Amino acid sequence: LGTVLVTTQKTEESIQDVPIAVSAFDEDSLDKMQLAGGPDLVKSIPNVNFTKGNFTSYNFRIRGIGIDAVSTSADNGVGVHQNDVPLTSNSLFEAEFYDIERVEVLRGPQGTLYGRNATGGVFNLITAKPVLEEFQADISATYGNYNTIKTKGMINVPLGETAAFRLAGSYLSRDGYVDNFTTGNDSQAKDA
């Protein structure tokens with residue numbers, strides 16, 4: 001069996017040696033399990049719940065601990081991190097996972113390693129690192145109903161033996177699928 005390496009305790013180690021309740025997925029696992037973004041994690045992680053709140057907020061709960069407050073000054077009960085850096089205001093759960101190394105979700109209090117706002121646990125997204133050895137590129141495009149256009153791309157260029165450049169991005173556009181009979185407009189459209 002392959003060994004999954006995680007950085008849940010701020011050092012890289014095998015997931016089998018970590019004394020924490022953790023779920024970790026690399027990019028291949030996310031594709032196989034069809035976990036496209038943060039809200040999809042409820043399909044494969046025990047004790048995780050995701051709900052959309054008012055005014056573009058969200059509530060990511062682990063073991064029932066999250067946040068229901070509408071105020072921007074309220075503290076979350078689950079820490080959201082990207083590359084071990086806390087993100088206090090983000091749209092991470094609106095975006096799709098792409099060009100990442102792995103996703104780690106730690107369940108239970110993590111205040112010792114991740115500071116305050118980690119009472120319920122921590123979501124940590126680790127982005128893919130530039131590769132020094134080879135040129136890499138990837139692009140995909142999808143077209144679907146309601147004029148959905150989804151594109152994703154990545155390019156990795158080595159710059160000698162000690163440096164590399166990596167650029168990745170995605171685009172999503174979709175017409176609205178809910179008719180507002182008062183204004184005549186469509187709602188639930190996306191353009192990100």
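**Cores, a pocket and an open sheet**

The largest nonpolar core holds 20 residues, and those touching the most other members are Leu41, Phe60, Phe97, Val103, Val105 and Phe123. At least two residues of this core come from each of strand E4 (48–52), strand E5 (58–62), strand E6 (78–82), strand E8 (100–107) and strand E9 (121–127). The model is a predicted one.

**Nonpolar cores**
- Leaving aside residues up to four places away in sequence, phenylalanine 97 touches Leu30, Leu35, Ala36, Gly37, Gly38, Leu41, Val103, Phe123, Leu125 and Lys152.
- Another core, of 9 residues, lies apart from the largest one, and its members include Val22, Ala24, Tyr114 and Val122.

**Second largest pocket**
- The volume of the second largest pocket is about 430 Å³.
- Its lining is made up of 20 residues, with Glu94, Glu96, Leu172, Arg174 and Lys190 nearest the centre.
- E4, strand E11 (148–158) and strand E12 (164–174) are the elements that give two or more residues to this lining.
- By class, the lining residues of the second largest pocket are 9 nonpolar, 4 polar and 7 charged.

**Open sheet**
- An open sheet is formed by 4 strands in the order E10-E11-E12-E15, with antiparallel pairing.
- Strand E10 (136–144) and strand E15 (190–191) are the edge strands; each has a single partner strand, so one side of each has no neighbour in the sheet.
- E10 and E11 run antiparallel and are joined by 9 bridges.
- Alanine 137 has isoleucine 155 of E11 opposite it.

Key
Residues numbered from 1 in each chain as written. Predicted model: local features only at pLDDT ≥ 70, side-chain atom pairs only at ≥ 80, totals over all residues. Heavy atoms only, no water. Core = buried A, V, L, I, M, F, W, Y, C linked by side-chain atoms within 4.5 Å. Buried < 20%, exposed > 50% of the residue type's maximum accessible area, 1.4 Å probe, protein only. Contact = heavy atoms within 4.5 Å. 1 Å grid on protein atoms, 1.4 Å probe; cavity = no way out; pocket = protein on both sides within 12 Å on 5 of 7 lines; lining within 4 Å. Points joined across faces, edges and corners; volume = space filled by probe spheres on them. Nonpolar A, V, L, I, M, F, W, Y, C, P; charged D, E, K, R; others polar. Pairing = 2+ DSSP bridges.
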